[in-house]
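Morning, everyone. Let me put a model on the screen and walk you through a few of its features.

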Amino acid sequence: MHIIVTATPHPSPGTGVLYETPVKIYPRSVRGRFDRWRRAMVVLTQLVFLGLPWLTWNGRPALLFDLEARLFYVFGWVLWPQDLIYLVGLLVAAALALFLFTAVAGRLWCGYACPQTVYTEMFLAIERWTEGDRQARMRLDAAPWGMAKFARKAAKHLLWGALALVTGLTFVGYFTPIRELVAELTTGTLGPWETFWIAFYAFATYGNAGWLREQMCKTMCPYARFQSALIDADSLIIAYDHGRGEPRGSRARGANARAQGLGDCVDCTLCVQACPTGIDIRNGLQNECIGCAACIDACDTVMDKLGYSRGLIRYTTARGLDTGGGWRGMLAHSLRWRVVIYGVLLTGVVGTLTVALMLRPGVAVDALRDRGTLASLGPEGVANTYQLLITNRTEQAARYTVTATGLSGARADVAHQPIVLPPAGQSRVAIRLVLPHAIAIQTRPGTHTVTFVVQNDLGETATAAATFLVPR
């Protein structure tokens, strides 16, 4: 498989220019089957993004990352900083999913579900509504400033700003309850940090989707840089059929192109005009191609008008393009070793993470020795002091009892048992572990491993290991 990597031409020596100024791209609006899929994905992703903060679970937001309280609420789960292992598992699963999806389907994520693509589509829709399609926008930008141009530009930027503000507000709503956030915003009592982050993410959305657009995909996003390591000859790509399309050239409608020595491509450049990153797919697969299929819709429209079959530009694989094989051949080659390995690893990680979350007990405990006093001798015997950090992982108040195992004859001395914790509460409990003199004199001096067992009233237990020092 050949991947063409485009490079920015260097400025001529002596010009005093250190980089090439990007040329503004005016994507042409196209309609077709893939455009409908892109718009459907815009609706779906926005319903999920805008709707999740408003869902409730047990009287609180279903999805809330409360950084101030150091609590993450994910539907029925309450996660603490000690549960970082689950985040690590989620990140590993996301990486494996990226490898698997790219190996099979190329950059479909970029073309249909990436937030940069989704918001660029929405910002472009606003731009087309206020300024017109490609030619109208080009004429407007070239025209001198006047009231008409100012009104169109102002309307566009006001709508962009409103959409960006809603996006920033919603994003912060994942960290502060969205209902409280909206109430504070409408009453003018929004705190300084919420104000800063709403403005920050609104500005980022406005800049990325309104101004940077394709530069994010071409220059800043690292995914395009390592896609060549993730795709192979059997990965789905968008490709131009050189054998069918060349030599390209214009012709009259109804003319016999083959008799004129021409291929099916009429060199209308609509595929280039429709591309949101401004590339010519006829030059081969390039890093800048995000797999959105706008060029396919544009080309299919021309093919329909000329009475030619669709698919001059199409989703295919490098192997399928070389051999001329159809979908059955591509599907037959899709199940290959790298895909199987990615799939097995992803299934294992997701399965392990799911089982761990389902079996996760409603109580957690950490044991810390009192460093000020390693061991003390008293009338009761040898005593070691600890601090137990008990965490209630449930959303109901719970009662806990503490026992110790691992050192025969040792007795756990807690000031108040049972220990009561509020929903999603946490408490440090001082505990003395006492070994009577009669047993201590028969016990080997040095350190011994003990295990603290914390049990709630539902029968769920958590353990924490510690060491018990018997002095010489």
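Ground rules. This is a predicted model: local features need pLDDT of at least 70, side-chain atom pairs count only at pLDDT 80 or more, and totals for chains, interfaces and linings use all residues. Residues are numbered from 1 along each chain as its sequence is written, and side-chain values use heavy atoms, with hydrogens and water left out.

Start with helix α5, residues 134-142. Helices here are DSSP runs of H or I with at least four residues, strands are runs of E with at least two, and both are numbered from the N terminus. Which residues of α5 are buried? They are R134, R137 and L140. Buried means under 20% relative accessible area, exposed means over 50%, and partly exposed is in between, with a 1.4 Å probe and protein chains only. Down the axis of α5, the buried residues fall within an arc of 130°, so they line one face. That arc is taken from the directions from the helix axis to the C-beta atoms. On the other side, R139 and A142 are exposed. The cover over the buried residues includes α4 (115-131), α6 (147-172) and α12 (270-274). Contact here means heavy atoms within 4.5 Å.

Now the sheet. Three strands form an open, antiparallel sheet, in the order β3-β4-β5. Two strands pair if DSSP finds at least two bridges between them. β3 (63-66) and β5 (77-79) are at the edges with a single partner each, so one side of each has no neighbour in the sheet. Strand β4, residues 71-74, is joined to β5 by three bridges.

On to charges. How many salt bridges does a search of the whole structure find? It finds 30. The criterion is a side-chain nitrogen of Lys or Arg within 4 Å of a carboxyl oxygen of Asp or Glu.

Look at D35 and R38, paired at 3.4 Å, N to O. Both sit in helix α1 (residues 33-51), three residues apart, about one turn. D35 is buried at 3% relative accessible area, and R38 is buried at 4%.

Next, D83 and R393, with closest N and O atoms 3.0 Å apart. D83 is in the loop between β5 and α2 (84-105), and R393 in the loop between β10 (381-392) and β11 (398-405), so the pair ties together parts 310 residues apart in sequence. D83 is buried at 6%. R393 is buried at 15%.
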